[in-house]
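Welcome, and thanks for stopping by. Please take a look at the sequence and the model below before we start.

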There are 2 protein chains.
Amino acid sequence: MTAPVPDPAPAPAAAPVRVLLADDEHLIRGALAALLGLEDDLVVVAEAATGPEALAMARAHRPDVAVLDLQMPGADGVTVATVLRDELPGCRTMIVTGHGRPGHLKRALSAGVRGFVPKTVSAQRLAEIIRTVHAGNRYVDPELASDAIAAGDSPLTAREAEVLELSADGAPVTEIARRASLSPGTVRNYLSSAAAKLGAENRHTAVRLAQAKGWV
Amino acid sequence: MTAPVPDPAPAPAAAPVRVLLADDEHLIRGALAALLGLEDDLVVVAEAATGPEALAMARAHRPDVAVLDLQMPGADGVTVATVLRDELPGCRTMIVTGHGRPGHLKRALSAGVRGFVPKTVSAQRLAEIIRTVHAGNRYVDPELASDAIAAGDSPLTAREAEVLELSADGAPVTEIARRASLSPGTVRNYLSSAAAKLGAENRHTAVRLAQAKGWV
DNA sequence: CGCCGTTTCTGACAAATGTCATGGCGTCAG
DNA sequence: CTGACGCCATGACATTTGTCAGAAACGGCG
């Protein structure tokens, strides 16, 4: 007469998934750690509040899955993921972000990130996605994916993007030219062609558009 | 032989604090609700993901304290707080924000908000602050407060701020003039004086500075 | 009332920026 | 090799923007 209730201790035969949590917002990190800890097949082995700290923690604890916030002090989530891919190939990485721009997803995927989700998902859903990623599969939020597809690839050449980025803080052309070691006329040409490609009237709106698409 | 453990039901003599939670990031909201629910003198009676939803929930459940995210779809936290002050005077409001700008704090305080904290605090700390606010006291994060004091008041006149805000998206002067029903020359003068007051070289850097201080 | 100062507005001029045509240079595919 | 393409630069020109001197409207104030 064996009870139908499952044995509480070794119910999942496999070892639990070891998770690293990196987010600069203590409120979220702590709350998330608590909620994920409720899942009996997940265990949070380390937390970090900055990019460098996340790297140090990953090296020390060698987690199975690293859950990284996109925007952190020191180094952003994608940068951390890039380093982790080289240093800890066995560690899967995934990005959690508040407001993801299309370009970020592309950057993340080319950095070997296997999961990309917005913070609007529930903790339950996040736990499922962590399992998916740990199993070696990929998951990207459908809405973010469709945004990325709609945005397409950047039409800008490397120099155009570089110059556009330098003009992001509103510096005058001569200043941009100095910083890029280019002739002022060249800078104006690049900015002009970049604005034309983006359908913007001037470089400032061009910068905004490019930033919105995540191309800078 | 009474057991020393406290009676689970009516341990706190006072009624629990009824809390409304409004944040567009489901992950945070759910996790927060779970953590605050662990405190036996706090109870989360409603959750909302947008500004209008927060208002509707507040009207329906009449919470003691409303914890509002600063950036939400529909209406931001300060706007919601302004409406709540008129409609539900008994409801204390507080703002939780990811990256708060100095000007936001000033706006929030003049909207009757009694608590202003960044998301870098722990859930434990947040619970304490909710109690503080419920008791009728105020609490603002020391770092945010010092930032606000350092930033000071806006040196811009009403028109200067208005025109600067219209130029925020990089629109040309003629477009701004049309939207503000002003002469293009007048717009240029306002932008020029605003840039001078802010120590900026042109209106675009001026916009960035003003946004960083929360003056627009 | 006249005087003063502030805000709001305008026009004229100078500087910065956007646009276009043009050309040299290097690289890569066919 | 040739042609296509991206990169860097120059000069001329139109447009936009920044700067300045000052005028009209308005509200105190003696």
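This is a predicted model: local features need pLDDT of at least 70, side-chain atom pairs count only at pLDDT 80 or more; totals for chains, interfaces and linings use all residues.

Visitor: Within what arc do the buried residues of α3(A) fall?
Guide: Helix α3 of chain A covers residues 77-87, and Gly77(A), Val78(A), Val80(A), Ala81(A) and Leu84(A) are buried there (buried means under 20% relative accessible area with a 1.4 Å probe, protein chains only; helices are DSSP runs of H or I of at least four residues, strands runs of E of at least two, numbered from the N terminus). Seen down the helix axis, these buried residues line one face, because the directions from the axis to their C-beta atoms fall within an arc of 155 degrees.

Visitor: Which elements do the buried residues of α3(A) pack against?
Guide: Packing here rests on contact, meaning heavy atoms within 4.5 Å. The partners, in chain A, are α2 (51-61), β3 (65-69), β4 (92-97) and α4 (102-110).

Visitor: Is Thr93(A) buried or exposed?
Guide: Thr93(A) sits in strand β4 of chain A. With a relative accessible area of 4%, Thr93(A) is buried.

Visitor: What kind of axis relates the two copies?
Guide: Chain B can be laid on chain A by a turn of 179 degrees and a shift of 0.0 Å along the axis, with an RMSD of 0.1 Å (least squares on the C-alpha atoms of residues with pLDDT of at least 70 in both). The copies are thus related as by a two-fold rotation axis.

Visitor: How much area do chain B and chain A bury between them?
Guide: In this interface, 31 residues of chain B are in contact with 31 residues of chain A. Counting the accessible area (1.4 Å probe) that two parts lose on being put together, summed over both, 63% of the buried area is on carbon and sulfur atoms. The total is about 2,400 Å².

Visitor: Which helix gives the most to the side of chain B that touches chain A?
Guide: α1 (26-38), α5 (123-134) and α10 (203-213) of chain B each supply at least two residues of that side. With 8 residues, the one that gives the most is α1(B).

Technical notes
Residues are numbered from 1 along each chain as its sequence is written. Chains are lettered from A and ligands numbered from 1 in the order in which they are written. Side-chain values use heavy atoms; hydrogens and water are left out. Buried means under 20% relative accessible area, exposed over 50%, partly exposed in between (1.4 Å probe, protein chains only).
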